[in-house]
Amino acid sequence: LKQILDTCSLCTHRSLTMSPMFFFSLAFSAACSTAVADECNAMLQTDLRSASGMMSRLDFKHALEEGGSTAIPCIIHQTAKTHTLKEQEAKWAQTWKDKNPKCQYKLWNDTEIAELAQKASPKIIWPIWEGLQPVQRADVFRYLVLWYQGGYYADVDVACKKPVDQYKLPEATNMIVGYEFGHRFPEWQRAQIKFARTEQFQQWFIASAPGNPVLLRCLELIRQRYTWKV
């Protein structure tokens with residue numbers, strides 16, 4: 001863990017006023033990557049590299065050790081059912097384009113995220129794709145696209161407040177994730193916010209370098225729990 005970022009300075013979710021939260025910038029060392037790889041392999045013997053030819057945990061570890069590229073690339077990912085957004089969603093999406101003109105912007109529709117799942121994860125995620133609800137596919141997509149390509153993911157109801165190249169991140173940062181907490185709220189307010197837990201990591205805005213072992217583990221757990229029906 002490297003740094004806590006000012007929530008309001010990065011981006012704003014339409015429900016953020018009800019949701020106290022911090023963003024954490026994370027940096028995984030080679031030793032940490034090795035530990036994650038060992039744990040994952042012991043618990044579930046899968047490796048997306050063999051299925052897709054893309055970066056695996058050990059590739060990520062090697063890149064860290066060799067000083068290779070583990071930076072978060074300047075790609076902004078969003079997803080919607082079609083490429084036609086509602087009026088307010090289009091305004092929010094435009095803030096990402098306007099404030100980040102040097103970044104590649106990609107709005108993925110349902111057909112494109114299915115194609116990504118088939119291409120990037122033919123043995124882990126694709127076999128269960130048809131069994132997932134649309135909202136579950138959108139959740140899986142953000143982990144998969146960041147693992148596969150890296151970049152910044154934001155829901156279409158999130159507005160960008162600061163260019164991503166102005167985020168005050170430590171040089172070694174290769175992941176950004178938000179931490180929401182509601183344990184200081186009275187019970188009525190927790191019920192209104194509808195947190196699944198009193199403390200949780202959010203994923204309406206998340207960023208990562210490609211090949212991140214944390215995201216790979218997320219994909220493995222999704223497949224595992226789908227298989228177990230839990």
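**Aromatic pairs, nonpolar cores and salt bridges**

Both Trp96 and Phe205 are buried, a term that stands for under 20% relative accessible area, with exposed meaning over 50% and partly exposed the range in between (1.4 Å probe, protein chains only). The structure is a predicted model, in which local features need pLDDT of at least 70 and side-chain atom pairs count only at pLDDT 80 or more, while totals for chains, interfaces and linings use all residues. Residues are numbered from 1 along each chain as its sequence is written, and side-chain values use heavy atoms, with hydrogens and water left out.

The count of aromatic pairs is 4. Rings of Phe, Tyr and Trp (its six-membered ring) are paired if their centres lie within 6.5 Å; planes under 30 degrees apart are stacked, those over 60 edge-to-face and the rest tilted. The ring centres of Trp96 and Phe205 lie 5.7 Å apart with the planes at 20 degrees, so this pair is stacked. Trp96 belongs to helix H5 (residues 87–99) and Phe205 to strand E9 (residues 199–208), and the pair thus links distant parts of the chain, 109 residues apart. Helices (H or I, at least four residues) and strands (E, at least two) are DSSP runs, numbered from the N terminus.

Tyr152 and Tyr167 form an edge-to-face pair, because their ring centres are 6.3 Å apart and their planes are at 80 degrees. Tyr152 is in strand E6 (residues 151–154), whereas Tyr167 is in the loop between strand E7 (158–160) and E8, so the pair ties together parts 15 residues apart in sequence. Tyr152 is buried at 6% relative accessibility, and Tyr167 is buried at 7%. Ring pairs also join Trp108, Phe141 and Tyr153 into a cluster.

Lys106 lies over the face of Trp108, 5.1 Å from the ring centre. Lys229 lies over the face of Tyr226, at 4.3 Å from the ring centre.

The largest nonpolar core has 27 residues, of which Leu116, Ile125 and Trp129 touch the most other members. Such a core is a set of buried Ala, Val, Leu, Ile, Met, Phe, Trp, Tyr and Cys residues joined through side-chain atoms within 4.5 Å. Two or more residues each come from helix H6 (110–120), helix H7 (134–148), strand E8 (175–181) and helix H9 (213–228). H7 gives the largest share, 8 residues. With residues up to four places away in sequence not counted, Ile125 touches Ala117, Val140, Leu219 and Ile222, where contact means heavy atoms within 4.5 Å. A second, separate core of 14 residues includes Ile72, Ala154, Cys160 and Ala207.

The model has 7 salt bridges, each a side-chain nitrogen of Lys or Arg within 4 Å of a carboxyl oxygen of Asp or Glu. One of them joins Arg137 to Glu130, with the closest N and O atoms 3.8 Å apart; Glu130 is exposed at 65% relative accessibility. In helix H7, Asp139 and Arg142 are 3 residues apart, about one turn of the helix, and their side chains meet in a salt bridge at 3.4 Å, N to O. Asp139 is partly exposed, at 27% relative accessible area, whereas Arg142 is buried at 4%. Arg142 also forms a salt bridge with Asp155, at 3.1 Å between the closest N and O atoms. This pair links distant parts of the chain, with Asp155 in the loop between E6 and E7 and Arg142 in helix H7, 13 residues apart. Asp155 is buried, with a relative accessible area of 17%. Through shared partners, Asp139, Arg142 and Asp155 are joined into one network of salt bridges.

Methods
A charge sits over a ring if NZ of Lys or CZ of Arg is within 6 Å of the ring centre and within 35 degrees of the ring normal.
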